[in-house]
Structures are given as structure tokens and as C-alpha cells.
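Trainee: Could you walk me through this one? I'd like to ask my questions one at a time.

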Amino acid sequence: MSEDSIISLQNVNKWFGDFHVLKDVDLQVKKKERIVVCGPSGSGKSTMIRCINRLEEHQEGTIIVDGIELTGNLKNIDSVRKEVGMVFQQFNLFPHLSVKENITLAPIWVKKMPKAEAEELAMQQLEIVKIPEQADKYPGQLSGGQQQRVAIARSLAMKPNIMLFDEPTSALDPEMIKEVLDVMIDLAEGGMTMIVVTHEMGFAKTVADRMVFMDEGRIVEQAVPEKFFNNPESDRTKLFLSQILNH
Amino acid sequence: MNEITESRKPPVATTGILGWLRMNLFSNWINSLISLFVLYVLIQFIPWILNWTIFAADFKYNFNGEEIINRELCSRVLDPENGGACWAIIYVRFYQFMYGFYPRDEVWRVNLSYIMLAIAVVPLLFDKFPFRKHFLKFTYVFPVIAFFLLNGGLGLESVSTNKWGGLLVTLVLGCTGIALAFPLGIVLALGRRSNLPVISMMCTLFIEFIRGVPLITLLFFGMVMLPLFLPEGVNMDGLARVLVAVTLFQSAYMAEVIRGGLQAIPQGQYEAARSIGLSYWQMNMKVVLPQAIRISIPSIVNTSIGLFKDTTLVIIVGLLDLLGIGRGALADTTWLGLAYEVYFFVSLVFFIFTFAMSRYSLYLEKKLKTGINMGAD
Amino acid sequence: MRSKLNFFSDEKFRSIFFQTLVIGLFALGIFFIVQTTAYNLEKRNIATGWRFLTDPAGFDISFSPFIDFKSTDTHLDVYFVGVLNTLLVSVCGCIAATILGFLVGIIRLSSNWLLVRVAYIYVEFTRNVPLLLQIILWYSILIQLPRVKQSLEFLDIFFISNRGVYSPRPVFETGFSYVFIAIILALISSFLIRRWAKKRQDETGQQFPVLSSAFGLIIIAPLILFFIIGSPLSFDYPALKGFNFKGGMVIRPEFIAMFLALTIYTAAFISETVRSGILSVTKGQREASASLGLKKSWIMRLIIIPQALRVIVPPLTSQYLNLTKNSSLGIAVGYADLVHGFGGISLNQTGQAIECMVIVMATYLTISLIISLFMNIYNRSIQFKEK
């Protein structure tokens, strides 16, 4: 295990019933590293990052996040979740709360922040994602791109060390993808440790420190973007790239 | 970075019987305690009830081998410790449960009606039924045939509805109620959504009135008040009066269900139909209603199940449906006290019908889900 | 050249014409019915009018826990007793059915396979057997209980027999009013504490155990006061004298049967509503809240339940309506509700079916409308704000 890894997956195996979905996954992520995970659907990429904040349980192997090992221990799980923020494909904003309330909910209840302080924090985050004027609106009143940006702000409000993105733009109409990617690029340039599962290769080329390609539950190839896109080693990677880059 | 993609089997403790038990029954302390408790209760209860209903029960003969013709000969009366259910009461009175007091030499008409009911209904329910179109023609004619068969006339001896009873009455009320309430409900639903304020208001008032009062009051209305509305000399059959009340009741609920279906159809359908020149009625018959009904079929079946159960209320106005015959059997001194057997039997019959209907509803929902998805591309 | 004005193809004209026609036919029908009815009523010597309401009833009502009813009381009193009895069993039934329904609904979502199956069987059996049959079944079980002289004893103060459950009757002595006031004060203070705690959380972020302090306030403080005053509460115990019990109070089997049947039946439907309500909250909501670090109990309270309630409340309200209407089945076992007493016996005695039925139906309609009104107001206030 690398000494300066903030996330360490070693020999991780997971089954859904009889289906072997993660096979001997090894991954080390350093602080401030930006990782982009890609691969065909069903390859286990989402499952892998969902194991990192224990939304899914792994049956074999070790996962260590910022020095805390992920086991059945509930306290550990809670500590890890405070460090790790997650952005979902379906945004998952709380529809019965306003945008501001969505963001202040966790700081108030988990970090026991006073309301005024939490609201100030929320406005700061909304500035970062560039939609402060929507603070009092409700999620149902926002466009997809705006909702996803609120979701990012909501995760950022907990001041995580690590941000996980599970296909953040896949549910968006094309004209709104850019606004979300721009926010993510800003975040990356600010030094956040990020793991992003996505098909947006343009974004990957701009931001990624390392590309990780998964297929059928295994990490097939990891490389820096230049090498990954121009000179991939594995045939499977080559096949995938040819399919995805031919649009 | 290997290219091989073999899979392994998951670790033993998480799958197979052991894994299943761990996850589903004993996942933590509380669950384990609860599982053990429930298992204990079940182990006490299930053998006892199986014993009472089947193994130690009398069907026709008691444990001495005698044929049971009254309650005194029931095993559980002679030997309360060991005797099981005395099903003889059902066996002896079976005819009444099925037909009421229908004259025995005419009962072939009822049996024929039952068979024809099955023939009329089953093809209606299943899309893939062979020669469905021809069967459906029979379905349209069936009500008329059944009416004459059961009632009399046209050369058949007439059997007054006073003599009808048991399952016959339950089925007549249920099937006729559903069959009549359906078109009436469609008319009410369309009326409620009509642009003509008078029609819309009248339909809305009717629906809300019916849905606000208990069925019993409507049954009383039918039995007691309806005769007052009729001119002299016009007598309405008791069963018919109840049928009117039941139909009106059900049509209001049916109307709401269909209205839900009508509301679920996108405005674009209405607009498209109008713009190709269809009249109001053509639009409804050809475009809107078929879709609305398809969407609301599960709810329609649900309200029909409710109606079927509600037919038991007629015992309060003196009609002898299945439950009524049951209560009558209990009042007979020959069989006094065998309440559990009778009520168990009646519950079982109802359960069979309603369970079948709700299974059908689930089957329809599943079928419609794929149907709707296939169309929406 | 202008085409002839064809009245019948003008839409507005057609609609007015058609509606007038409908009103006319309807009015004609009503007129005809009224004529026939008046004639029939006269022929059968049935009185009309509302005067009968002030006539003495001439019969006794078996169950009247709120009003002391004598047979010399009027039909109007019969009506009020009926309404109160209907409301009594309906309110008790609604409360119990809600508790049971929520419990079973949550159980059906638990991870224990056995519990889920058992709950499923309960729901399927209860929903498929007619309610009337269940009422009759419960009643026939209750009247097979031992006779009064051989009542089952429970803790020496409850006696269960086929005439009902005899239990001690609480007698409130002077001084108890202070305890009662204390309870009211405790309730009010709990609300105030809740508001204060929320304000404090807003300002400092600290959380306050509102629930436990409210519990302490409402239960423990009045209890202490109770003992200080000298326990101003005594009980009138039922004692067997001859063939019957004297003293105490009796809960009749008709009421128990109705209560049990209505509760168990309606709870099955409520459990379905609760289950689909909770399921309607997408998995993603749970995941998003979990990844923000929220505890399970907070997730339930702040995220799942508010959203689930939106889906649960409308069908829940119609279940309440159904239960209230179903209480009319009490007539089958002799429970003295509105339909049995006023709509049944009074109706038969006076023969004035129309007036009685109209009053009964109007009463149920009013109850239904009131419940629907509240539901609509609540529904409108909790709608998600959409584009």
C-alpha cells in the first residue's frame, strides 16, 4: 500500500448474489489526484466508487479511505462519509426542501452548525457553482443542469476531502452538460481529490491525472491521458476507445 | 492488468442456504429473536389448524362411522377434546349454498348458466384466447340468455327470485352489478368532464353523493323507497331493486376510476383526434376511451372486487346470498353452533373468487406495463 | 349569397338547447316521482313532515355511553345517540387502524423474511374476506365467551364474558381537576419547548432532546402532582351480584366486535398505502442523505417521512372515510349506530322512510364532506412546488 494514498482498494471482490461484479480490484489514489474511470456499461465502475462510501458492501478485500478501513463498523462508515462527497447521476435533490435548505441540511444536523452560519456557507457554495439567485427556489423549479450544480454544492458544503462523481452528466440534456463540467473543472483546478465515472472524454483529457479503464469487473488499464488515448496497451481499451470516440 | 475475465463463486457464508438465513432471518439480534418467536408461534399454530380442518374433521361420517345428519352426531360434539371440524353441515346443505331454494328439477338451468358464464367471461379476459372474436359475440348475448334461463319465460317455467339464494344470488348481483356499472360509469365519467356545465354538475353531484353515503343506506333506499316512487300496480322484484341500488353505487366508483384514466391521457390525444375531424363521440369511442380504460383496468378490477365483497350486505335487507344461507343454516336447530365451519366455508368461497380476481389484476398490470412501454418509442 | 342560418349546427346554441332539454326532462322526472310518491304515501297512511322527530321513541337503546337515553326520549334523541355511537366507533377505529396499519406497513418493508410473509398473509386474508363476514365472525366469537357467572378474570378487576368486558370505572374526585390542568399545562409547555429548541438549534447548532423532555413533562410531572394531592382518583369496581355485575362499566360485545373488525380490516388497506408511500421515495434519496453523513433516524424523519406522507395522506383519508361508512354495518350485530337506531327502528316505527333516510344520508354526506375538505386543504398545502 502506498504511504500517501488517500484511497486504497486492495484485492476488492464483490458479488451481487452469484454475479461477480468486482474482480480483484486494486486502486490507489493520492491526495489531489483526479481520476477518471471509464468503461462499457455493466463493467462495475459505479459499483466500485459506491463501495468507497459504503453505499455498496464489498465481500472480499480491503478498502481504506483517509486511514479509516471500511468494514461493518458503523462509526467508521459515518467518519468516511463525512470525508467523502458524492454526486449522483439522478441528482437526488430533496424535493420538499428549497435549494438553500438542501445545502444546509447536513451541516446543521451532522456538524451541528447554527442556522445562520450554515446559510452563509450555503450561499458561498452556490456562488462557487454560479447559481446564487436560485437559493429560495425548489428543485422542481430548476433545470437539470442547475439541479446537478446544486447537488455538487450540497456535497461541497460538508467540506469533503474527496469527491466522487457517478456519471454526473449522463442524465442531462446536451446543452446543460457544459455548465456542470465547467464547475467540475473549477473544482479540479482548486485541488480537490476526485474520482469521476463518465463518458465525457473531452473533460477527461482536460482534467484527468490518470485514466482507469474497467471492463467486466476488472481494472484493465490505468495510464495518464496522453498514453491512454494515443497509445493504449490493451486491445480491450483500444476497442472501447474506438467505439466511444467515433461520434 | 490481466486480460482474463474468469469469475469466481462468492464466499460460502454469503450465499446458499446459510447466507440466505443469515441475511433474511438472523441478520441481527432483534431479527433473530423475532424470527425465533414467529417460528415458535407458527409451529404451535399450523399443525393445530391443519388437524382441525382436515385430519380430525368429519366430512360425511363421524369417527364412529355413522352418517352425520345433525349436530349431535358430529365428532366434536360427541368428543370435544379430539373432534375436528364438522364439515357435514356443508355437505348436507351444499345444494342450498349453491342455489338457495331453486326448485331441484329446474336447477339444470342454473348449472347451464354457470357454465355459460365461464364461457362468456374467460375469453373476454385473455387476449390470446383462440377464436376470441367468436366467443365475444356470445358474451354479448349471454346476459339475455341467462336472464331467461334463470327467470323463466319463453317456454321455461318461471322461478321467482324469492327462491334464488346462495352463490347464485352472489354471482348474479356481482356479475350484473359489474357489467351494468361499467357502461354507466363511463357515461358518468365523460359527463363529469363535459364542457356543458349542467351535465357536468349533475354528474358530479351524483357521484359525490353516492360516494359519500354507505351502501346500506342505498340498499334501504332501493328496498323501501323505490316502491314508493313507482306508480300503482308496478311492482319491482326484490332482487331487481337491490340490483338497482348496487349498480348505482358501483357506477359512481367506476366513474371515478375511469375519470382517472381519462385524466392520464395527454392532452395531445384529444387535440389530434379533433384535428382529424372526429366528432365528440367518435373521439371518445375510438381514441380516448380505449386508452383510458386500458390504463385504469387494474383499478377497475379492484373496485369490482370491492363490489363482489359488498354483495354480502344484502343480508341486511333480507336477501339470502351465500352468507345469508350460511346464517340461515346456523339458525336451524339441527345444526346449531357450528359457526366456525360455516363461516370458514363462506370465507373460503369468497377468498377464492377475490384472490383470483386480484391475481388477474396483477397479471393485467404486468401485461400492460410492457404494452405501454412498447408503444412509447 | 348567405347560407341559411342553421341553428342546430351552431355549437353554442346546441349546448344551451341540449342542457335545457336535460334540465327539463330531469324536472319532469322529479315531478312525476313526487306525484307518485305523494299518492302512494297517502294510500298507505304514512305521515309526512318532520314532526315525528319530537315524538317519543318508545323503545330502548342498548348502548348509549354518552347520553342517558330513556324510552320516553324523542326520535331526535335517537338520532343524536346514533350519531355519537357512529362517531365513537369510527374515531376509535381510525386511530387504532392507523397505528396498526403503519406498524404492519413498516413490518412489510423490514428485512426479516418471516415477518414480511406473516404480514403479507394477514393483509391478503383480511382484504379478501368481506367485512360484514368479519364483523359477524368476531361477534360470534365474543358471544361464545363464558356466561357472566363464569366470567374470565383478568388481574381480578377485569371480567370478560359474553355480555361484554366489565372493567373498573374511573371516578374523578375533587382535586383531580388540578391534575388535569397540569396535564394541559404540560402539553402547552411541550409545544413551547419544541419551539425554543428549534430556535436554539438555529442559533447555536446544538440539539435538544425534545421528545424525552416532553415525555417527562406530560407524564411524570402530573403524576407527582397526583400523588401530592392525595391520589384523587378512585375506581368503581364491578362486583358480581346475582346474575349480573353491579358497578364498574361495561364495554359491550357489539362495540368490541365492530371495533376489532373495522380496525383489522382497515389496517390491512392502510398498510398497503403506507408501504407504497415509503417505497415511492426513491432509493436515491436514501443514498444521497446517507452519503452526506446523516444518521438513519434523521434520514427517516427529515427526508423519507415528509416525502412519503405526501403520497400516503390522500388514500389514508379515503380509508378513514370508508371506515366511517362501514360503521353502518353495525346493524348486522345490533350495534346501536345511526343506521340501526334512527335509520332502522325509528324508520320502521314511524314508517316515514323518506324523511329518516334523507336525514341519515345527509349526516353521512356531511361527515364525508368535512373529511374531504380537510384532506384537500392539507393536500394543497404540501404539494411540491414545480415549474
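What follows is a chat about rings, strands and a chain interface.

Mentor: Before we start, this is a predicted model, so treat it that way: local features need pLDDT of at least 70, side-chain atom pairs count only at pLDDT 80 or more, and totals for chains, interfaces and linings use all residues. Residues are numbered from 1 along each chain as its sequence is written, chains are lettered from A and ligands numbered from 1 in the order in which they are written, and side-chain values use heavy atoms, with hydrogens and water left out.

Trainee: How many aromatic pairs turn up over all chains?

Mentor: Rings of Phe, Tyr and Trp (its six-membered ring) pair if their centres lie within 6.5 Å; planes under 30 degrees apart count as stacked, over 60 as edge-to-face and the rest as tilted. Searching the whole structure on that basis, the number of aromatic pairs over all chains is 30.

Trainee: Why is the pair of B:Tyr95 and B:Tyr99 classed the way it is?

Mentor: Their ring centres are 4.9 Å apart. The planes sit at 50°, so the pair is tilted.

Trainee: Which helix holds B:Tyr95 and B:Tyr99?

Mentor: Helices (H or I, at least four residues) and strands (E, at least two) are DSSP runs, numbered from the N terminus. The two tyrosines are four residues apart, about one turn of the helix, and both belong to chain B, residues 94-99, which is helix α5.

Trainee: Is B:Tyr99 buried or exposed?

Mentor: Buried means under 20% relative accessible area, exposed over 50%, and partly exposed in between (1.4 Å probe, protein chains only). B:Tyr95 comes in at 15%, so that one is buried. B:Tyr99 has 13% relative accessibility, so it also counts as buried.

Trainee: Which Arg lies over the face of B:Tyr95?

Mentor: A charge sits over a ring if NZ of Lys or CZ of Arg is within 6 Å of the ring centre and within 35 degrees of the ring normal. Over B:Tyr95, at 4.0 Å from the ring centre, lies B:Arg104.

Trainee: Over in chain A, which ring does A:Arg154 lie over?

Mentor: A:Arg154 is 4.5 Å from the ring centre. The face it lies over belongs to A:Phe94.

Trainee: In which sense do β9(A) and β10(A) pair?

Mentor: Two strands pair if DSSP finds at least two bridges between them. β9 covers residues 210-215 of chain A, and β10 covers residues 218-223. They share five bridges, and the sense is antiparallel.

Trainee: What is the bridge partner of A:Met214 in β10(A)?

Mentor: Along this pairing, A:Asp215 stands opposite A:Arg218. For A:Met214, the partner is A:Ile219.

Trainee: Which residue of that hairpin takes a positive phi?

Mentor: There are two residues between the strands of the hairpin. The one with a positive phi near 50° is A:Glu216.

Trainee: How many residues of β9(A) are buried?

Mentor: A:Arg210, A:Val212 and A:Met214 point one way, A:Met211, A:Phe213 and A:Asp215 the other way, and all are buried. For β10(A) the count is five of its six residues. For β9(A) it is six of its six residues.

Trainee: Which residue stands opposite A:Phe213?

Mentor: β9(A) also pairs with strand β3 (residues 34-38) of chain A, in the parallel sense over four bridges. Opposite A:Phe213 stands A:Cys38.

Trainee: Which chain C residue does B:Leu218 contact?

Mentor: B:Leu218 is in helix α10 (residues 215-229) of chain B, and its relative accessible area is 6%, so it is buried. Contact means heavy atoms within 4.5 Å. Leaving aside neighbours within four places in sequence, its contacts include B:Ile210, B:Val213, B:Ala245 and B:Phe249, along with C:Met361.

Trainee: How much area do chain C and chain B bury between them?

Mentor: Buried area is the accessible area (1.4 Å probe) that two parts lose on being put together, summed over both. Here 52 residues of chain C are in contact with 53 residues of chain B. Carbon and sulfur atoms carry 73% of the buried area, and the total is about 4,600 Å².
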